[in-house]
Amino acid sequence: MRKLKNSELDRLSVDGFKSAKKAPIIIILDNIRSLNNIGSVFRTSDAFLIEKIYLCGITAKPPHKDIHKTALGSTETVDWAYFESTLDVVEKLKTEKVKICSIEQAENATMLNDFNVENNTKYALIFGNEVKGVAQDVVDASDTVIEIPQFGTKHSLNISVSCGVIIWDLFSKMKV
């Protein structure tokens with residue numbers, strides 16, 4: 001088996017990405033501290049044609065060299081906006097009939113492997129602060145909470161890893 005060269009991967013151009021049909025997924029970053037995590041979320045969002053990223057609270061905004069280091073240019077492809085309040089974004093998206101999903105460990109959370117996507121539904125996935133997680137008032141305002149099953153000794157995954165796992169799972173379940 002021969003590894004493919006980048007020129008053989010048949011990737012979209014920036015203009016091609018901008019005009020491509022997007023997955024019905026929106027990402028909300030709730031007070032993310034790490035610029036490398038932010039950049040990684042942009043890069044994963046580019047890979048799966050995510051519609052938009054909302055950066056909220058203390059979450060840094062592009063352009064920034066530490067975001068760029070892991071985003072590798074995806075801040076130029078994936079649409080994004082900044083809101084000071086995560087709750088303001090949630091309220092806005094609810095008026096647009098977007099299903100709000102906090103990614104968190106919580107009572108009565110739906111395990112990711114048991115989560116079923118609904119046809120013709122757009123999802124907003126909220127990922128929280130590296131230490132505190134998704135703010136409780138944001139969890140309260142969510143339509144559902146999705147939890148990634150874990151079986152080891154640690155209590156959580158890195159936010160960029162969680163984002164990749166969740167996006168891949170939902171994307172693979174959707175008829176995009």
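**From a loop residue to the core and pockets**

Guide: Leaving aside residues up to four places away in sequence, Ile58 touches Asn31, Ile32, Arg33 and Asn129. The model is a predicted one. Ile58 sits in the loop between S2 and H3. Its relative accessible area is 56%, so Ile58 is exposed, the cut-off being over 50%. Ser34 is 24 residues from Ile58 along the chain, and the C-alpha atoms of the two are separated by 9.9 Å.

The loop between S2 and H3 also holds Pro63. Pro62 and Pro63 are joined by a cis peptide bond, with omega at about -5 degrees.

Beyond H3, the loop between H3 and strand S3 (80-83) contains Leu72. Leu72 has a phi near 50 degrees, which is a positive value in a residue other than glycine. Leu72 counts as exposed because its relative accessibility is 57%. Another positive phi, near 60 degrees, belongs to Asn108, also a residue other than glycine. Asn108 lies in the loop between S4 and strand S5 (110-111), and with a relative accessible area of 79% Asn108 is exposed.

Thr144 is placed in strand S7. Since its relative accessibility is 16%, Thr144 counts as buried, the limit being under 20%. Its contacts, not counting residues up to four places away in sequence, are Lys99, Ile100, Cys101, Ser102, Thr110 and Phe115.

Leu170 touches Ile25, Leu112, Phe115, Val117, Tyr123 and Leu125, with residues up to four places away in sequence not counted.

The largest pocket has a volume of about 480 Å³. It is lined by 16 residues, of which Arg11, Leu12, Phe17, Asp46 and Ala47 are the closest to its centre. Helix H1 (14-19) and H2 are the elements that give two or more residues to this lining, and H2 gives the largest share, three residues. By class, the lining of the largest pocket comprises seven nonpolar, four polar and five charged residues.

The second largest pocket has a volume of about 380 Å³. Among its 20 lining residues, Ile103, Glu104, Ser156, Leu157 and Ser162 are the closest to the centre. Two or more residues of the lining come from each of S6, strand S7 (144-147) and H6. The lining of the second largest pocket divides into seven nonpolar, nine polar and four charged residues.

Finally, the record. An unreviewed UniProt entry places the feature "domain: tRNA/rRNA methyltransferase SpoU type" at residues 25-167. In the model, the end C-alpha atoms of residues 25-167 lie 8 Å apart, and the span is 31% helix and 24% strand.

Notes
Residues are numbered from 1 along each chain as its sequence is written. This is a predicted model: local features need pLDDT of at least 70, side-chain atom pairs count only at pLDDT 80 or more; totals for chains, interfaces and linings use all residues. Side-chain values use heavy atoms; hydrogens and water are left out. UniProt positions are given in the numbering used here, feature names are shortened, and annotations may be inferred rather than shown by experiment. Helices (H or I, at least four residues) and strands (E, at least two) are DSSP runs, numbered from the N terminus. Contact means heavy atoms within 4.5 Å. On a 1 Å grid over the protein atoms alone, a cavity is a set of points where a 1.4 Å probe fits but cannot get out, and a pocket is an open set with protein on both sides within 12 Å along at least five of seven lines; lining residues have an atom within 4 Å of a point. Grid points are joined across faces, edges and corners, and a volume is the space filled by probe spheres set on the points. Ala, Val, Leu, Ile, Met, Phe, Trp, Tyr, Cys and Pro count as nonpolar, Asp, Glu, Lys and Arg as charged, and the others, Gly among them, as polar. Buried means under 20% relative accessible area, exposed over 50%, partly exposed in between (1.4 Å probe, protein chains only).
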